[in-house]
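This briefing sets out the architecture and packing of one protein chain. The sequence and the model are shown first, and the points that follow are grouped by topic.

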Amino acid sequence: MQEEKSQIEKTRFAHPSEREFARILDFYQLKWLYEPHNFPLSWNHEGRVMESFSPDFYLPEIDIFIEMTTLKQSLVTKKNRKMRMLRTLYPGINIKIFYGKDYKSLAFKYHLGDNFNAK
């Protein structure tokens, strides 16, 4: 009998740090969804979505979205701008951004190695 793949094995993560974060969530038995929702942020004059934002994780039991950004400053700046837009357009959405220092702290605590270099 073949074992069913775990949610982590089924998910195509954009960066190894996301896979490691999912493992931590699994360890603490927190249900998570990976990029489950895409929030439109800007539209053209015809109403077509021109920019959107898909947070990395959603934790349904505590109703929070998590966005991870690690080291590249250009991505941090872009994500911070999108976070501000999301909070303005969707004030009821609970979202937290994990910066490089947050991930490094988790990586150190859980011996995750060097998976925080460049997302």
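Helix 2 buries Ser17, Glu18, Glu20, Phe21, Ala22, Ile24 and Leu25, where buried means under 20% relative accessible area, exposed over 50%, and partly exposed in between (1.4 Å probe, protein chains only). The model is predicted, so local features need pLDDT of at least 70 and side-chain atom pairs count only at pLDDT 80 or more, while totals for chains, interfaces and linings use all residues. Residues are numbered from 1 along each chain as its sequence is written, and side-chain values use heavy atoms, with hydrogens and water left out.

- Helix 2 covers residues 16-27 and lies across strand 1, strand 4, strand 5 and strand 6; helices (H or I, at least four residues) and strands (E, at least two) are DSSP runs, numbered from the N terminus.
- The helix runs at about 10 degrees to strand 4, with axes taken as lines fitted to C-alpha atoms, for helices over the stretch in contact, and angles from 0 to 180 degrees between N-to-C directions.
- With twelve residues, helix 2 reaches 17 Å from its first C-alpha to its last, close to the 16 Å expected at 1.5 Å a residue; the expected span is 1.5 Å times one less than the number of residues.

**Overall composition**

- The protein chain contains four helices and six strands, and its elements run α-α-β-β-β-β-β-α-β-α from the N terminus on.
- Of the 119 residues in the protein chain, 37% are buried.
- The accessible surface of the protein chain comes to about 7800 Å², and 53% of this belongs to carbon and sulfur atoms; accessible areas come from the Shrake-Rupley method with a 1.4 Å probe, and for residues only the protein chains shown count as cover.
- Among contacts in the protein chain with a separation of 6 or more, 55% are between residues 24 or more positions apart; contact means heavy atoms within 4.5 Å.

- Four strands form an open sheet in the order 1-4-5-6, with mixed pairing; two strands pair if DSSP finds at least two bridges between them.
- Strand 1 (33-34) and strand 6 (95-98) stand at the edges with a single partner strand each, so one side of each is left without a neighbour in the sheet.
- Strand 4 (residues 57-59) pairs with strand 5 (residues 64-68) in the antiparallel sense over three bridges, and Leu59 stands opposite Ile64 in strand 5.
- Strand 2 (residues 39-43) and strand 3 (residues 49-53) run antiparallel and are joined by four bridges, with Phe39 opposite Phe53 in strand 3.
- Strand 2 and strand 3 form a hairpin with five residues between them, and Gly47 in the turn has a positive phi of about 90 degrees.

**Aromatic packing**

- The whole structure holds eleven aromatic pairs; rings of Phe, Tyr and Trp (its six-membered ring) pair if their centres lie within 6.5 Å, and planes under 30 degrees apart count as stacked, over 60 as edge-to-face and the rest as tilted.
- Phe13 and Tyr34 form an edge-to-face pair, 4.8 Å centre to centre with 70 degrees between the planes.
- This pair links distant parts of the chain, with Phe13 in the loop between helix 1 (7-10) and helix 2, and Tyr34 in strand 1, 21 residues apart.
- Phe13 is buried, because its relative accessible area is 14%, and Tyr34 counts as buried at 16% relative accessibility.
- Tyr34 also forms an edge-to-face pair with Phe57, 5.6 Å centre to centre and with 70 degrees between the planes.
- Here too distant parts of the chain are linked: Tyr34 in strand 1 and Phe57 in strand 4 are 23 residues apart.
- Phe57 is buried, with a relative accessible area of 0%.
- One aromatic cluster is formed by Phe13, Phe21, Trp32, Tyr34, Phe57 and Phe98.
- Beyond residues up to four places away in sequence, Phe13 touches Ile8, Glu18, Arg19, Ala22, Trp32, Tyr34 and Phe57.

**Lys31**

- Lys31 lies in the loop between helix 2 and strand 1 and counts as exposed, because its relative accessibility is 54%.
- Leaving aside residues up to four places away in sequence, Lys31 touches Tyr58, Leu59, Pro60 and Glu61.
- Lys31 and Phe57 are 26 residues apart along the chain, and their C-alpha atoms are separated by 10.0 Å.
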